[in-house]
Amino acid sequence: MNPIVAGWMRYCGWLYRSVLYPLLMRINAYLVRWLRNKYRRFRAMRKAIAAFQRAAKRRPGMFAQWRWVSSPSLAW
């Protein structure tokens with residue numbers, strides 16, 4: 001999925017960068033949901049978001065969208 005998101009960021013991002021922010025934040029929200037379901041210790045939303053932000057800060061190149069947006073959308 002990383003190459004696809006990186007392609008969107010290159011193709012659409014140079015002209016309509018602000019349009020991509022909600023989409024990238026939504027992808028991050030799906031990652032937080034996966035994190036909450038995968039690991040029992042992150043079932044609480046605050047713990048999951050804190051772990052997500054620590055991972056985004058520690059390894060910003062892990063996912064393509066973390067270069068622009070490193071926080072998840074809270075609009076589930």
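This is a predicted model: local features need pLDDT of at least 70, side-chain atom pairs count only at pLDDT 80 or more; totals for chains, interfaces and linings use all residues.
Two residues are in contact when heavy atoms of theirs lie within 4.5 Å. With that definition in place, consider leucine 35: apart from neighbours within four places in sequence, leucine 35 is in contact with Phe42, Ala48, Ala51 and Phe52.

Good morning. Residues are numbered from 1 along each chain as its sequence is written, and side-chain values use heavy atoms, with hydrogens and water left out.

Let me begin with the helices. Helices here are DSSP runs of H or I with at least four residues, numbered from the N terminus. Helix H1 covers residues 2-11 and helix H2 covers residues 17-38; their axes come within 11 Å and cross at roughly 165°. This makes H1 roughly antiparallel to H2, a term used for angles over 145 degrees. An axis is a line fitted to C-alpha atoms, for helices over the stretch in contact, and the angle runs from 0 to 180 degrees between N-to-C directions. The crossing of H1 and H2 is left-handed, meaning that the near helix is turned anticlockwise from the far one by less than a right angle; clockwise would be right-handed.

Which residues of H1 and H2 meet? From H1 they are Val5, Trp8 and Met9, and from H2 they are Leu20, Leu23, Leu24 and Ile27. By class, this contact of H1 with H2 has seven nonpolar residues, no polar and no charged ones. For the classes, Ala, Val, Leu, Ile, Met, Phe, Trp, Tyr, Cys and Pro count as nonpolar, Asp, Glu, Lys and Arg as charged, and the others, Gly among them, as polar.

I turn to the second pair. H2 and H3 pack at an angle of about 120°, and their axes are 10 Å apart. The crossing of H2 and H3 is right-handed. On the H2 side the contact is made by Asn28, Leu31, Val32, Leu35 and Arg36, and on the H3 side by Met45, Ala48, Ile49, Ala51 and Phe52. The residues of this contact divide into eight nonpolar, one polar and one charged.

Next, the interior. A residue is buried under 20% relative accessible area, exposed over 50%, and partly exposed in between, with a 1.4 Å probe and protein chains only. A nonpolar core is a set of buried Ala, Val, Leu, Ile, Met, Phe, Trp, Tyr and Cys residues joined through side-chain atoms within 4.5 Å. The largest such core has nine residues: Val32, Leu35, Phe42, Ala48, Ile49, Ala51, Phe52, Ala56 and Trp66. Two or more residues of this core come from each of H2 and helix H3, which spans 45-58. H3 gives the most, with five residues. There is also a second, separate core of eight residues, including Val5, Ala6, Leu20 and Ala64.

Alanine 6 is found in helix H1, and counts as buried at 11% relative accessibility. Although alanine 6 and alanine 64 are 58 residues apart in sequence, their C-alpha atoms are 5.5 Å apart in space. Beyond residues up to four places away in sequence, alanine 6 touches Ala64 and Arg67.

Asparagine 28 lies in helix H2 and is buried, with a relative accessible area of 0%. Setting aside residues up to four places away in sequence, asparagine 28 touches Phe52, Gln65, Trp66, Val69, Ser70, Ser71 and Pro72. Glutamine 65 has its place in the segment after H3, and is buried at a relative accessible area of 2%.

Is arginine 10 buried or exposed? Arginine 10, in helix H1, is exposed, with a relative accessible area of 60%. Arginine 43 lies in the loop between H2 and H3 and is partly exposed, with a relative accessible area of 44%. Leaving aside neighbours within four places in sequence, arginine 43 is in contact with Arg36 and Asn37. Thank you for your attention.

How values were computed
Angles under 35 degrees count as roughly parallel, over 145 as roughly antiparallel, 65 to 115 as roughly perpendicular and the rest as oblique.
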